[in-house]
Amino acid sequence: MKVIVSGLLEKNLKDAHEIYNYYIINSYSNFEEKKISFKDFSLNYKKITKQKLPFLSALIDNKLVGIAYLNKFREKSGYRYTFENTIYIHHKYIKKGIGIKLLKELIFISKKNKKIKKLVAVISGIDSKGSIKLHRKLNFKESGILKKIGFKNGKWIDAILMQKDI
């Protein structure tokens, strides 16, 4: 099984959108409560790539099996060197090493960009062992927990913060 990681192409946006919405509906890893429209997903993709930030895809046999991207951590100017990473793997391809390939590539690209000094992962406190393990493998350090900061499906959710210097 060969995984190819590269920039997400517009022709794969529909599949990327489906992966993203899967996690909204079927998990606590995404704090959205309702599926987002393809138009909004596409606008987010364009906003990210227009800023020259990475929006990556993982492909196996030309099938999209994962996405990863960087986005501004917060909009305030004091956070201008800090970016949040997002990774979602197609639910049928979890635990196959795809997430680490995507995150390694995000880090590699980040090191080439002088504007990126810090990466932050905001990880749900529910069903997050895999994500925490992945980030630890690539030297992200736990930096805090926001207790019961999110609410979804009748449950309060912690947000675990991890960060890495670039």
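**View 1. Ser-110 within helix 3.** Ser-110 lies in helix 3, which spans residues 98-111; helices (H or I, at least four residues) and strands (E, at least two) are DSSP runs numbered from the N terminus. The model is predicted, so local features need pLDDT of at least 70 and side-chain atom pairs count only at pLDDT 80 or more, while totals for chains, interfaces and linings use all residues. Residues are numbered from 1 along each chain as its sequence is written, and side-chain values use heavy atoms, with hydrogens and water left out. With a relative accessible area of 0%, Ser-110 is buried (buried means under 20% relative accessible area, exposed over 50%, partly exposed in between, with a 1.4 Å probe and protein chains only). Its side chain reaches the backbone oxygen of Leu-106 at 2.7 Å, and, leaving aside residues up to four places away in sequence, Ser-110 touches Leu-70, Ile-116, Leu-119 and Ile-166 (contact means heavy atoms within 4.5 Å).

**View 2. The buried residues of helix 1.** Helix 1, residues 13-26, reaches 20 Å from its first C-alpha to its last. Among its buried residues are Leu-13, His-17, Tyr-20 and Ile-24, and the buried residues of this helix pack against helix 2 (38-50), strand 3 (63-72), strand 4 (82-89) and strand 6 (141-152).

View 3. Asp-127, found in the loop between strand 5 (118-124) and helix 4 (129-137), has a positive phi of about 55° although it is not a glycine, and is exposed at a relative accessible area of 77%. Lys-148, placed in strand 6, is likewise not a glycine and has a positive phi of about 45°; Lys-148 is exposed, with a relative accessible area of 55%.

Definitions and conventions: The expected span of a helix is 1.5 Å times one less than its number of residues. A polar contact is a pair of N or O atoms within 3.5 Å; within protein, one must be able to donate a hydrogen and the other to accept it, and residues adjacent in sequence count only if both atoms are side-chain atoms.
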